Every structure is written in C-alpha cells, then in structure tokens.
Amino acid sequence: MSNSIEEMATQKKPVLVKWRSDDELGQTVEAYNNMLITIEQHERALTESKETAEIANRAKTSFLANMSHELRTPLNAIIGFSEILMKEKDYKVDQDKREEYLGYIFEAGSNLMTMVSDIQQISRLESAEAGIQDEELDVTDEVLGCARALELRAADRGVVVECSMQEDLPYLRSNAQGFKQIVVNLLSNAIHFTPRDGQVDVSALYDEYHGLSIRFSDTGIGIKKEDLPFVTDPFWKSTEGGEERSGLGLSIVKAITERNKGTLSIESELGKGTSVTINFPTERLVERSQLLKEG
C-alpha cells in the first residue's frame, strides 16, 4: 500500500493494491482501491468535460468568424450599390442600371434579414429559451400549408411540388413554429436547388415501430458524398453546378428535430437529387383516437 501511495504522490497515477483477505487489513485495502477507482473516474470525467468545453469554444469561435464573413458579404453589396446610386451622375447610371442595382440591394437586404433571423433562432435553441410551448400538430395540415405558401416560388422556378401523405397520421407533439420552420427550410432548399422542369416530392409515413417519417426528395443538383457529413454545420459552404450552398438552414432543421428527440438523415447523388428524411419517435406522437377521447 505504501508503494501505491508513493506512486500517487510522485506520478499522480493510481495503482491498485493487490491484496485480498477477510481481516481488517483486507477491508482497508479494498476501501483504498475503491477510493482510487473513484478518483480515476472523477479525473476522467473532468478531462472529458474540459475537452468538451474546448471543442465547444472552438466551434463558437469558428461560428463567429464565419458569421462575420457571411454578414459582411451582403452588407458590402448594399453599401457598394448604394454608393453608386448616390453618385449616379458621376457613374452615369441610367434607369435600367438603377433598377438592376436596386434589385441587388433588395436581394442582399433580404439575405441579411434571413441570416439574422436564423442566428436568432440558433441562439434561442442553444439557450433552450423557454417559452417554447409544445402542442399537438396535424402533420398533414402543417405540411400542406407550408407547401401552399411556397407554391409561387416553385412556380417561378418551374419546379413541381407533390405531397403524398399517409391517411390518419398521428398528431405530432411539437412547437408549431419550430415544425413549420423545418418544413419550410427543407422545402425551400429542395426548390432552390432543383432546376427548371424538376420535381420535389414530400411524403409522410407512420408505423408503430419506426415512428413518423417525413421525406423531402428532389431531382436537383445533388451533393457530393464527401460533403454529406458537413452539410448541417453552420455556414458550411460548397458550390455545385454553379449554385452556392451556405447558411444556417439545415443546422436549424437538425437542432429543432433533435429537440423533439428526432433524427435527420440525408441521401444524395450528385447530378440526380437529394432526399432528406426527418423521423420522430412514437413518444412524440399522439394517436387521433386518443385526442378525440381527451377532447
């Protein structure tokens, strides 16, 4: 035991004492060994906590650096084109150019507003801002409502959106705003990255073993296999087929889904399309018959 204590004092390394007996000495050795095991477990937990904190700190630093870059891009566009319009006589800006530059300013401002809203949403999710109230949602009504809201955008891009919902789906216990954001973000992504004459399909299926699955499939440009593990990272950026993927949309979808104990999975083939599936476990679902009884 003295050798073990010396090892602890000099090398900070716990060494169990190999001694077994039923007398008082044996009990002392056993208690000493249990103490060493407890110390080692606590040290391991502290090390893991420190590593987790360091990873979170690096992620936050990276997030802030990326956010700063992403905010500067639309701000530079707004400032630059505004300056040209303020000095339109010097730059000899005609009516067509004026309308073009105003369009750029409007687009940059809209992107900036979306980004700020997304950052606020991530902040609320990370701080578990309470006030987030769950309710029983009719999944079919919510999905179809979001699809109708995006009909004009899809039509402008020449993309067909089809919804196929299983009959009598159970209700989902979730926050209405959060669930709508999941659907709108995934539908918007699918429409945006699908070329003209393409199609986006939304389907929902339920079974008592796997829960509720909602799938968003498109015939768009797809994602490279090596990029799939990173597409839900905040401000992850890639360019495929001339279209830039960036922002916070998928990271927000993942965060809201996981808050509801759900999972998100992505399958994609470059040049053929992408399918995103969100799955909610049965513990987050309420059968229609149960709601009728409670009502």
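## Strand pairing

In this predicted model, strands β4 and β5 make up a hairpin in which three residues lie between the two strands. The pairing of β4 with β5, the latter spanning residues 211-218, is antiparallel and runs over eight bridges, and within it A204 has I214 of β5 as its bridge partner.

Strand β4, which covers residues 199-207, also pairs with strand β2, residues 160-165, here in the parallel sense and over six bridges. The bridge partner of M165 in β4 is A204, the residue that is bridged to I214 in β5.

## Packing of helices α7 and α8

Helix α7, residues 176-192, packs with helix α8, residues 249-259, at an angle of about 145 degrees, and their axes are 9 Å apart. The crossing of these two helices is left-handed.

On the α7 side the contact involves G178, Q181, I182, N185, L186 and N189, which meet G249, L250, I252, V253, I256 and T257 of α8. Sorted by class, the contact of α7 with α8 comprises six nonpolar and six polar residues, with no charged residues.

## Cysteines

The count of disulfides is zero. Because a disulfide requires two cysteine sulfur atoms within 2.5 Å, the sulfur of C146 is too far for a bond from the closest cysteine sulfur, that of C163, at 9.6 Å. C163 is likewise in no disulfide, its nearest cysteine sulfur being that of C146.

As to accessibility, C146 is buried, with a relative accessible area of 6%, whereas C163, at 29% relative accessibility, counts as partly exposed.

Technical notes. Residues numbered from 1 in each chain as written. Predicted model: local features only at pLDDT ≥ 70, side-chain atom pairs only at ≥ 80, totals over all residues. Heavy atoms only, no water. Buried < 20%, exposed > 50% of the residue type's maximum accessible area, 1.4 Å probe, protein only. Axes fitted to C-alpha atoms, helices over the stretch in contact; angles between N-to-C directions. Helix = DSSP H or I, 4+ residues; strand = E, 2+ residues; numbered from the N terminus. Left-handed = near helix turned anticlockwise from the far one by under 90°. Contact = heavy atoms within 4.5 Å. Nonpolar A, V, L, I, M, F, W, Y, C, P; charged D, E, K, R; others polar. Pairing = 2+ DSSP bridges.
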